[in-house]
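Take a look at the structure below.

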Amino acid sequence: MRRPRAAVAALAALAALACNPDDVVHRIDWFATMRHQRSIKPYARPIPPVPGTVPVTGVEPAMSLQTADRLVNPRTRTSESINRGRFVYETYCLVCHGQEGRGDGPISSAAGGPFFGVRSLVNDTIARRTDGYIYAVIVSGQVMGRGLMPIYGDKVRDTERWDLVNYVRTLQAAASPRGRR
Ligand code: HEC
């Protein structure tokens, strides 16, 4: 008869410590070891967001012919960036613009394919364009007055767009008389 009473008294004492049963349990050492561990706590944000992260409520700033030229390329032309850019180029761009960027990819009319109007990425005119211009055409050819070029802003994201710009620059360097070896 005494035992259940003692248990009830102990529980009542514990309950008095705090109303939340969780808090009560955590005051007992044996349970507390479960709580004090290297784990992500509810609502904790253990990893800072990646630089350039766009909040879910945010939108990409609208680009225009005027604003594109003022964009600053944040990716230095390291081999890592260029290699990444080459991968993206070969995935999305080569099919039209060609291995060396001359506008003669397999589906372009220059190579007998159906896609008309594909431009070279390695002539002097485009070589003199800003990084921001090339970036903006990748995001949306339409906005940049290059409506025949499909939109790639939804496929190529974040810093990969600049890696792609960097790779286009290496194609231009390779195509220029000085860069050709
Ligand atoms: C389906 C074919 C196609 C694909 C794929 C394609 N482009 Fe284009 N691109 C075009 C056409 C066509 C134009 C010319 C658009 C116009 O004049 O309206 C163009 C124009 C451009 C221009 C502007 C050239 C200038 O002289 O102003 C750039 C820069 C460019 N493309 C880069 C890229 C990159 C980088 C990719 C890969 C993400 C890509 N393109 C993928 C067809 C394509």
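What follows is a short tour of the ligand and its surroundings.

This is a predicted model, in which local features need pLDDT of at least 70, side-chain atom pairs count only at pLDDT 80 or more, and totals for chains, interfaces and linings use all residues. Residues are numbered from 1 along each chain as its sequence is written, and side-chain values use heavy atoms, without hydrogens and water.

Start at the iron atom of the ligand. His 97 (NE2) and Met 149 (SD) coordinate the iron at 2.0 Å. Donors here are N, O and S atoms within 2.8 Å of the metal (3.2 Å for Na, K and Ca). Why is the arrangement octahedral? The six donor atoms subtend angles of 86 to 179 degrees at the iron, which makes it so. Six donors count as octahedral if opposite ones are over 155 degrees apart and all others between 65 and 115.

Now trace the pair along the chain. His 97 belongs to helix H5 (residues 79-97). Met 149 is in the loop between helix H7 (131-139) and helix H8 (159-175). They are 52 residues apart. Helices are DSSP runs (H or I) of at least four residues, numbered from the N terminus. His 97 is buried, with a relative accessible area of 10%; buried means under 20%, with a 1.4 Å probe and protein chains only.

Next come the polar contacts, pairs of N or O atoms within 3.5 Å. A polar side-chain atom of Arg 146 lies 2.8 Å from an oxygen atom of the ligand. A polar backbone atom of Gly 147 is 3.2 Å from a ligand oxygen.

Methods. Four donors count as tetrahedral if all angles lie between 85 and 135 degrees; four count as square planar and six as octahedral if opposite donors are over 155 degrees apart and all others between 65 and 115; anything else is irregular. Helices (H or I, at least four residues) and strands (E, at least two) are DSSP runs, numbered from the N terminus. Buried means under 20% relative accessible area, exposed over 50%, partly exposed in between (1.4 Å probe, protein chains only). A polar contact is a pair of N or O atoms within 3.5 Å; within protein, one must be able to donate a hydrogen and the other to accept it, and residues adjacent in sequence count only if both atoms are side-chain atoms.
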